[in-house]
Amino acid sequence: MAQICLSLPPSCFGIMLLPTVLTIISLASPFSAGMEPSRMEEETVLDTLQGAVHISSAKQVLPVGDIPSAVSVMETEEIENRGVGSIKDFTDVMPNLYIPDYGSAMTSSVYLRGFGSRMDNPVMGLYVDDVPIMNKNAYDFDFYDISEAVLLRGPQSTLYGRNSTSGVLLLNTLSVRDFTGIRASAEYGSANTFKLKCAAYLPGEVAFSAGYRHSDGFYRNDYDGRSSDRYDAFNFGFKVHRKLRRDLFFENILSLSLLTQDGYPYREYDSSAGILHPVSYNDTSGYGRIYLNEAFKFKYMASGFSLSSVTSFQVLYDDMRLDQDFTDASLFTLRQTQAEAAATCELILKPEPDWRKPWWNWQTGFFAFFKYNDMSAPVKFKRDGIDDIILANANEGMQSGLAGAELFIEEDEFDIFSDFGIMTGGAALYHESYFTAGNWLFTAGLRFDYEGARMDYDSRSALHYRLEAPGLTPDAGYRPYECIYKGNQAIGWFEFMPKLSVMYDFGAVKAYATVSEGYKAGGFNVQIFSDILQNKMMEGIMEGLGVYFESPVGNIGAENTSYMPERCVNFEAGGRFDVQKKGYGISGELSLFHAQCHNQQLTVFPPGKSTGRMMTNAGKSASSGAEASIFSRLGNFSLSVSYGYCHAGFVEYNDGANDFRGNRIPYSPEHTVNARLSYEWKANRGFFKSLTAFADYSGVGKIYWNEANTLYEPFHSFLGAGIRAEFNRFGIFIRGENLTDTRNRTFYFKSVGREFFQVGKPVRFTVGITL
Amino acid sequence: MRTILLLALAVFGIFSCTKAETDITEESPEYRGTMTVIYNGEEFVSENVSVMVGLSEDSATMDMKMLKVKFVPAMPVRIDVLIPGVRVESVSEDGETVVFSGDGIIPYALGGEYRKFVVSGLSGKIENGMLSFDLVFGEYPTSYTGYLL
């Protein structure tokens with residue numbers, strides 16, 4: 001299967017060059033002449049990551065321990081020791097977080113605390129270096145030098161806005177503030193997977209990093225015997241950090257990633273025989289992506305206040321190709337390309353000592369964004385698809401009214417073109433105050449959001465057809481037919497998102513309770529346009545023959561394709577403790593939550609005879625659960641355990657064909673478990689520094705695969721282990737994952753009446769060296 | 001009325017996406033009324049059935065087009081049926097009355113000549129803004145009475 005080759009439209013190059021030019025300008029900035037030392041005064045720069053001081057995100061006023069939400073934090077050393085290479089690897093490690101690894105790098109479906117979505121807007125926001133990633137297609141990227149990953153669970157919309165109904169993941173990358181020197185690594189593993197990385201954090205102001213990852217893939221396509229998940233990705237990063245004046249700091253962060261991969265190794269499932277067939281599809285399936293993110297951060301520090309700004313320009317071009325029937329039949333294919341440009345700007349005002357009261361701290365922010373997405377998603381119907389899907393359905397319907405009549409299409413293949421231009425923009429104002437009274441800490445916040453979106457659509461197709469019927473002598477051969485459907489739709493909404501919390505500090509133990517709201521943005525069902533056009537074509541063809549259906553083939557049009565935001569209110573109580581003594585220590589966190597989701601964006605069968613499904617605000621759901629995590633060390637041993645449980649179900653959900661009230665929400669696991677035991681032997685003599693051995697266990701399940709809850713994946717477990725040796729100037733490691741070769745199923749779906757699964761990756765080993 | 005009927009001759013084109021050449025244009029007079037079909041010995045009555053009529057240039061023949069008709073209750077679709085080349089027996093001096101008939105006419109439907117429903121025993125007239133006719137579609141006796149819109 002040939003890998004996807006990206007071919008950028010010329011306009012894309014112009015857009016992508018802009019941030020690069022801005023970066024070069026920043027390097028040549030007049031501010032650099034005669035500058036003071038580039039580091040902020042409060043920073044400590046180390047040549048090792050052990051104990052490095054991490055600057056928290058621009059919006060984290062409170063220390064992590066005082067945040068009144070469930071929080072998971074992972075830092076560089078743990079991220080690298082665990083082999084966390086992308087956000088999908090946080091699954092299980094962070095309680096109640098599940099990002100299944102299936103499809104391609106485009107398919108980063110995030111499930112957190114029982115809620116999630118397979119397409120469109122996510123329930124978890126992702127910020128990288130304080131920049132919100134504006135397209136979920138860019139969530140899954142290769143990690144290089146992540147300094148800190150912080151998952152805040154529960155609605156975080158008061159500070160983080162749209163698409164953070166279940167939480168937000170904050171990733172910070174290393175900078176010269178954290179570390180100076182060279183960091184490089186090379187690793188090699190199963191399926192000829194290798195990863196190379198080199199980063200230079202130059203004393204002063206500038207950091208460069210570059211990385212490359214390749215894998216031959218773990219899945220084979222039986223149709224041609226080739227890999228169906230071959231992967232190549234290149235990443236480049238650049239950071240400038242400067243003190244422009246005594247009170248003005250500047251940071252420029254540029255990241256560029258390119259990837260090309262085969263993908264979608266889905267296997268047909270014969271439910272009657274319980275047989276999972278091998279991966280076997282005949283049309284190219286894969287994904288390619290170019291993603292550029294350029295951010296400018298300024299911080300002005302006066303005696304009374306600090307004003308921070310984060311401005312980003314994000315350009316994404318991606319190209320997904322699907323054999324949409326995932327079989328060796330030539331039914332239909334989809335190629336979806338997107339060229340998206342986004343700009344975000346955030347201003348954050350915080351009081352400094354002159355303004356700040358001892359009992360009152362606060363932050364006020366303004367956020368605005370705009371993005372334009374130029375999407376093309378042509379569906380190509382091939383001969384088998386024309387015969388088995390389109391004509392079979394049409395002729396079946398015809399028989400009931402015109403006995404013996406049969407429709408024919410001349411083309412061996414034809415396209416249903418769907419082009420979209422989607423503009424989305426929004427602005428928000430927010431405030432959070434933090435009041436201290438004795439051992440009490442109160443937090444109150446409110447955010448006011450407006451967001452609007454407009455979609456221009458242009459769907460079209462052309463073909464030739466004829467009708468045969470007993471006693472009918474057609475007056476011509478194949479007749480030409482062209483269907484054009486174009487127009488625009490617009491939506492907009494206001495959102496208010498309050499947050500209230502209280503925390504009490506008992507000393508080693510802190511307890512909190514929080515009520516907060518979040519929202520997931522609305523949007524447009526672009527996926528349904530192919531179905532809309534198919535229905536219009538069927539009606540148009542028949543009307544061309546003077547035949548009219550008693551009821552419309554499909555009752556939906558573009559006016560039905562928009563959906564509004566969903567809202568989630570969360571009630572949470574929890575606590576955390578931290579006891580550290582010489583020789584041992586234990587810290588942990590416990591949280592209980594109940595979340596109610598209204599206007600939930602769910603897929604339904606549109607009215608009429610459409611074959612597709614579309615998203616609409618169709619229901620309500622609720623999720624209740626608990627999360628616990630413990631980290632302890634005793635001598636050279638350390639143990640970390642995390643566990644998440646949630647019971648997430650539909651309170652109201654009728655998809656037009658079935659009532660799923662009371663059923664569990666599919667795709668989201670009931671339990672996530674992770675435990676890791678490690679032993680570190682420190683030599684600290686001569687050449688050899690330390691040896692660490694670890695073993696870890698993770699488990700996830702039960703996962704229902706459909707709304708009817710008739711199919712599910714039972715709870716399943718994985719084992720891992722590894723050894724790491726640190727020497728004076730380098731370290732080596734060997735790591736094994738899924739040592740029991742558990743063959744769980746990571747994804748399920750139905751297409752054209754067939755059922756499919758993707759099976760998880762097998763046992764894997766990786767060896768590597770780090771400098 | 002003759003003026004109206006002849007107005008149809010001014011425009012000669014294809015109507016309703018069919019390839020059949022017909023004397024019916026968008027400006028042709030349209031009648032709306034009741035159609036009765038005898039189906040399996042039972043009467044099936046359809047209301048608000050539209051029929052358009054177009055006279056040939058020499059007034060020797062006319063075309064009738066039945067729009068979106070449903071002949072039997074079980075039909076999930078409605079179809080357009082063109083009855084071409086109906087013989088005009090007479091046209092009154094004032095053009096208000098037209099008498100027509102036909103037999104063995106192959107109707108045009110579903111994009112071609114539809115021999116399964118050969119029209120026989122057609123007789124009818126247009127008089128005082130009312131169109132009425134009887135015919136047999138294949139084996140289904142059909143009658144129609146409608147008024148000029």
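## Chain A: fold and dimensions

Helices (H or I, at least four residues) and strands (E, at least two) are DSSP runs, numbered from the N terminus. This is a predicted model, in which local features need pLDDT of at least 70, side-chain atom pairs count only at pLDDT 80 or more, and totals for chains, interfaces and linings use all residues. Residues are numbered from 1 along each chain as its sequence is written, while chains are lettered from A and ligands numbered from 1 in the order in which they are written.

Chain A holds 44 strands and 5 helices. The C-alpha trace of chain A spans about 95 × 55 × 50 Å along its principal axes.

Of the 771 residues in chain A, 46% are buried (20 or more other C-beta atoms within 10 Å of the residue's own, with C-beta atoms placed from the backbone). Take contacts (C-beta atoms, placed from the backbone, within 7 Å) between residues at least 6 apart in the sequence of chain A: 70% join residues at least 24 apart.

## Where chains A and B meet

Chain A brings 22 residues to the contact, and chain B brings 20 residues. On the chain B side, β4 (77-91) and β7 (112-114) each supply at least two residues. β4(B) gives the most, with 4 residues. The chain B side divides into 9 nonpolar, 4 polar and 7 charged residues. Here Ala, Val, Leu, Ile, Met, Phe, Trp, Tyr, Cys and Pro count as nonpolar, Asp, Glu, Lys and Arg as charged, and the others, Gly among them, as polar.

## Strand pairing across the chains

Strand β26 (residues 472-474) of chain A runs antiparallel to β7(B), joined by 3 bridges. Strands pair if DSSP finds at least two bridges between them. B:G112 in β7(B) is the bridge partner of A:P474.

Notes
Contact = placed C-beta atoms within 7 Å. Buried ≥ 20, exposed ≤ 12 C-beta atoms within 10 Å, placed from the backbone.
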